[in-house]
Amino acid sequence: MAVEKSEIVGSPVGRRLVLGLVAAGAVGIVGGGAIQKGLASVLGPLGNHDPTGLIGLIPVGDNFRFYSVTQGAPRKDENSYALTVGGSVDTPRPFTLQDLRSMPQTSLVRDFQCVTGWRVPEVAWSGVRLADILDAVGPTASATSLRFTSFDGTYTESLTLEQARRDDVLIALTMLDGPVTHDHGGPVRLFVASMYGYKSLKWLSGIELTDNVVPGYWEKRGYDIDGFVGESNGRRDEPTS
């Protein structure tokens, strides 16, 4: 589903503003952590509306940097959010936020590692194990993989069924000791702890079980399908078609 421009809050960030923020980031390196944290607190809304990609260059220390493959996503809440799970399953169904909150919750603390090199250490996450979602819908004998879609209308990802059943793969509802914010990909996002950040799809809206791996948004642009930290450089020399 295409994202309606009217649903996206904010306007694209101008190059002049972005370059000014890059300069401010350089000051933050000299000024220390307090300045960098202050910059990080305002970069979320801006980074998701930055067609230049330059916001990702701003040095903000061990803090999240924000990026969207579009110009953001519509906002979802208690009344409008649903995670649709279907494809090769016995019982396709939607999961509301209340459904997800009522399921057993798993908490873990893991680093978030971006393939570009930045890392946020010891992030607290919690949510529903993806394995529990799979148990609820019952994959058929032909199902070998999962395809994830985002309500930004563009971003997709994939995992094998074996990878999806790992204990450190979550349908994340909280991070950093609070609900997953819109700018972090909320209200619900995927978190694949053992893989680079591009595998942890933001603004999760759908899961489709398939009989083969469907390369995601970044894999079609040359990144490894199996993006394990330390076992992959993240990007191949030639992108896939």
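## Ground rules

Residues are counted from 1 along each chain, in the order its sequence is written. Because this is a predicted model, local features need pLDDT of at least 70 and side-chain atom pairs count only at pLDDT 80 or more, while totals for chains, interfaces and linings use all residues; side-chain values use heavy atoms, with hydrogens and water left out.

Let's begin with pLDDT, the predictor's confidence in each residue, from 0 to 100. For this chain the mean is 80, and 70% of the residues reach 70 or more. Over residues 1-36 the value is below 50, and this stretch has 52 contacts in the model beyond near neighbours in sequence (a contact means heavy atoms within 4.5 Å). Residues 237-241 also have pLDDT below 50, with eight such contacts. Where pLDDT is low, the predicted coordinates should not be read in detail.

## The chain as a whole

The chain has five helices and 10 strands. Both are DSSP runs, numbered from the N terminus: helices are H or I with at least four residues, and strands are E with at least two. Of the 241 residues, 49% are buried. Here buried means under 20% relative accessible area, exposed means over 50%, and partly exposed lies in between (1.4 Å probe, protein chains only).

The chain exposes about 11300 Å², and carbon and sulfur atoms supply 52% of that. These areas come from the Shrake-Rupley method with a 1.4 Å probe; for residues, only the protein chains shown count as cover. Among contacts between residues at least 6 apart in sequence, 63% join residues at least 24 apart.

Now find the open sheet of five strands, whose order is 2-1-10-5-6 with mixed pairing (two strands pair if DSSP finds at least two bridges between them). Strand 2 (93-96) and strand 6 (156-160) are at the edges with a single partner strand each, so one side of each has no neighbour in the sheet. From one strand to the next, the twist averages 20 degrees. Helix 4 packs on the sheet and touches strand 1, strand 2, strand 5, strand 6 and strand 10; its direction makes about 140 degrees with that of strand 2. For such angles, axes are lines fitted to C-alpha atoms (for helices, over the stretch in contact), and angles run from 0 to 180 degrees between N-to-C directions.

Strand 5 and strand 10 run antiparallel, joined by six bridges. Thr149 stands opposite Gly206, and Ser145 stands opposite Thr210. Six of the seven residues of strand 10 are buried, so the rest of the structure largely encloses this strand.

In soluble globular proteins, nonpolar side chains tend to be buried together. A nonpolar core is a set of buried Ala, Val, Leu, Ile, Met, Phe, Trp, Tyr and Cys residues joined through side-chain atoms within 4.5 Å. The largest one here has 41 residues, and Leu130, Ile171 and Ile207 have the most contacts inside it. Helix 4 gives the most to this core, with four residues.

Which residues does Leu130 touch, leaving aside its neighbours within four places in sequence? Among them are Leu146, Phe148, Ile171, Leu190 and Ile207. A second, separate core of 15 residues includes Phe64, Trp125, Ala172 and Val180.

## A loop contact

Thr140 sits in the loop between helix 4 and strand 5, and is partly exposed at 25% relative accessibility. Its C-alpha atom is 5.5 Å from that of Ser88, although the two residues are 52 apart along the chain. Leaving aside neighbours within four places in sequence, Thr140 is in contact with Ser88, Val89 and Asp90.

Most residues other than glycine have a negative phi, and most peptide bonds are trans. Glu122, in strand 4 (residues 119-129), has a positive phi near 50 degrees, and counts as exposed at 65% relative accessibility. Leu176 also has a positive phi, near 55 degrees. This leucine lies in the loop between strand 7 and strand 8 and is partly exposed, at 44%.

Finally, the peptide bond from Gly186 to Pro187 is cis, with omega near 15 degrees. Pro187 is in the loop between strand 8 (178-179) and strand 9.
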